[in-house]
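This briefing concerns a single protein chain. Please consult the sequence and the structure shown below while reading.

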Amino acid sequence: MKSWNGNKNLKTSKYTEVNGKRHAIYEELHRELSEMWSEGHDEKQLQTTKCSGNAMKRNNRAGLAIRCVAVPAIHLSLTWVGCMSLALAQQAVAQQSTTARGVGSAADLGYPRLVDITTATGIRFEHLSSPEQKFIVESMGGGVALIDYDRDGWPDIYFTNAPSVEMALHGTKAKSALFHNNHDGTFTDVSDKAGVGYPCWAMGASVGDYNNDGWPDLLVTCFGGVVLYRNNGDGTFTDTTKGAGLSSDSLWATGAVFGDYDGDGWADLFVAHYVDFHLDNVPAFGSSATCKYMGIDVQCGPRGLKGSSDNLYHNNRDGTFTDVSTKSGVGDVEGRFGLTAIWSDFDNDGKLDLLVTNDSQPNYLYQGDGKGGFKDIGISSGVALSDDGAEQANMGVAIGDYLHTGRMSLFISHFDNEYATLYRNDGEAGFADCSEVSGIAKATRGYVGWGDAFVDFDNDGWQDLFLVNGHVYPQVDSIHKEIKYLEPKLLFLNQRNGKFKNISKQAGGAIQTPQVSRGLAVGDLFNDGRLEAVVENLVGGPMILRPEGGAANHWISFQLEDAGGNHLALNARVRVEAGDLTQLGEVISGGSYLSQNDLRVHFGLGNHQLVDRATILWPDGKVETLTHLAADRFYSIREGAGVIGFRLPGAGKVK
Ligand SMILES: [Ca+2]
Ligand SMILES: [Ca+2]
Ligand SMILES: [Ca+2]
Ligand SMILES: [Ca+2]
């Protein structure tokens, strides 16, 4: 991409040296946001909402009227009251600033249909699976990563693959695949040239630049440790697992994520581990109480099996990592069934935190001190358990500021007898389970959820929710009329008032096609300003969904480059203001379920053709402000240098 050499619409670029003052910056940003929310609603009316009780704490500092944080060990439905009070406030603002979306078909709402374009992309890939899924290790895989490995500005796709136990016992491997984006809607399988076809019994993948050479590297999690592929910058990768000091990681790894927790400019690596499972001693199908489901024999686990501890690896800045699991406090000594991890500054104190979900056990939320120490605040923050104090399956995790409050909320997918959980971030390290009041709970019961995303398919500036499903037991088809092995996907429209509307049956037939889905990655595959969804299925081929039709809304996309190390700017945040819309986005490694979204930060802008102000909070705490950015462009931003290039939608239009 050429250097940026003049854009009439870009008037100023302000770069602020504020080392060590990140918290103050956040407070300032939130004060502004809170003032925006406060306009137009009756403060007195909201303060009459009852929020007393031992399980609640008043949290009135940030100016959002009354907000409540539940302590989930004590079962109170008052959490929902707390949710309602905020919802009322936001509804008032939504009605004032934007016409709230009513009910009707997706087409009535101007929402695009999600069309299955897999065949047209030329991608031919099949995740292997055994028909009976007799062992848990056969039913958990299928991650997908978007990685622009050749840095041509077009996301490429990596699908993981895994054998069955039978295949593995006979020494047969399953081939994972990397597909190069050809810029014309098609992809080419480059797995052999790239050298990433046979990493291991692969589960998931995530992206980070561990050696800070600017080339995104690929971390594959395996039933049996991790494989680190260094990107050589010439279309090939080298397996550097051993040299990097990661070959001692030999357990069943699931969600692995890069994040620079100590702020030294080098991306560190967290690896969650699941079950202590060995092919030479597999638990027999249906053999005990934990191998039954509704009275029939099924695979065993995770309950009844031994869990495995997690690992945090500190980047030594020389291509190697040091295991700091014990010292850091995130080592999971009790060995919970870890599945998905995600780094973000959840409490907005300027220090990176780590969320780790555990299957059928309480989640961890590790509050970071910025220096390498962590404290688990899962229970007190409200994200360890459901609102009624239940341990849930905790499969996939999406984060997003779906309410425009300047905080990252959580959406966690679960098992069929549970509901997917929407944890609203109320600040002060407190979350409220808003699944019921938001309308998510009812629609997600009955499905086994995996990959999930806050995603604005219609670019109206409000993040919708997308969830892919599929059961773990093929045997359910023989016993149950309601629950099936193959399940449809779910799409929820953000109503801009804290609620979501289930529009799954109004967004085209493709997502109604029942499948056994696992991974989900979201990104703008075709650089046209619309986000695609890539779904990896456990059984059979993937499904690539492209939004078609709907309103012609504007958008903007940012590719961030950190000047002080951490090249990919992981966990940098962008706040975008366009007219009455103020949104927050973040560069995130890993997440969803075993998957990796596009590292570019994309925002829908509704009918706004201009971003008034984009504020970038770099990982090192510096703040950069860009004003008057024209919409419908991809901007490359380098820390301290502002816009260094931009791209118009479509192929070959590089300015
Ligand atoms: Ca590419
Ligand atoms: Ca690299
Ligand atoms: Ca680091
Ligand atoms: Ca924090």
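The points that follow are grouped by topic, from the overall composition to individual residues.

The model is predicted. The protein chain comprises 10 helices and 39 strands. Of its 655 residues, 58% count as buried.

**Overall composition and core**

- Among contacts in the protein chain between residues at least 6 apart in sequence, those joining residues at least 24 apart make up 62%.
- The largest nonpolar core contains 172 residues, of which Tyr158, Leu218, Val220, Cys222 and Val226 touch the most other members.
- One of these, Cys222, touches Pro199, Cys200, Trp201, Ala202, Met203, Val227 and Ala253, residues up to four places away in sequence being left out.

- Strand β26 spans residues 464-469 and is mostly covered, with 6 of its 6 residues buried.
- Asp464, Phe466 and Val468 point one way from β26, whereas Leu465, Leu467 and Asn469 point the other way; all are buried.
- Strand β25 (residues 449-455) pairs with β26 in the antiparallel sense over 5 bridges, and Asp452 has Leu467 of β26 as its bridge partner.
- Strand β27 (residues 490-494) also runs antiparallel to β26, joined to it by 3 bridges; here Leu465 has Phe492 of β27 as its bridge partner.

**The sheet β11-β12-β15-β16**

- Four strands form an open sheet in the order β11-β12-β15-β16, with antiparallel pairing.
- Its edge strands are β11 (253-259) and β16 (321-323), each of which pairs on one side only.
- From one strand to the next, the twist averages 20 degrees.
- Within the sheet, β12 (residues 268-273) and β15 (residues 311-315) run antiparallel and are joined by 3 bridges; the bridge partner of Val271 in β15 is Asn311.

**Serine 589**

- Ser589 is found in the loop between β34 (581-586) and β35 (601-606).
- Ser589 counts as buried because it has 27 C-beta neighbours inside 10 Å, the threshold for burial being 20 or more.
- Leaving aside neighbours within four places in sequence, Ser589 is in contact with Ser206, Val207, Gly208, Val257, Phe258, Gly259, Trp343 and Leu570.
- The C-alpha atoms of Ser589 and Gly259 are 7.2 Å apart in space, although the two residues are 330 residues apart in sequence.

**Backbone geometry in loops**

- Most residues other than glycine have a negative phi, and most peptide bonds are trans.
- Pro302 lies in the loop between β14 (296-297) and β15.
- Asp332 counts as buried because 24 C-beta neighbours lie inside 10 Å.
- Ser360 is partly exposed because 17 other C-beta atoms lie within 10 Å, a count between the limits of 12 or fewer for exposed and 20 or more for buried residues.

Technical notes. Residues numbered from 1 in each chain as written. Chains lettered and ligands numbered in written order. Predicted model: local features only at pLDDT ≥ 70, side-chain atom pairs only at ≥ 80, totals over all residues. Helix = DSSP H or I, 4+ residues; strand = E, 2+ residues; numbered from the N terminus. Contact = placed C-beta atoms within 7 Å. Core = buried A, V, L, I, M, F, W, Y, C linked by C-beta atoms within 7 Å. Pairing = 2+ DSSP bridges. Axes fitted to C-alpha atoms, helices over the stretch in contact; angles between N-to-C directions.
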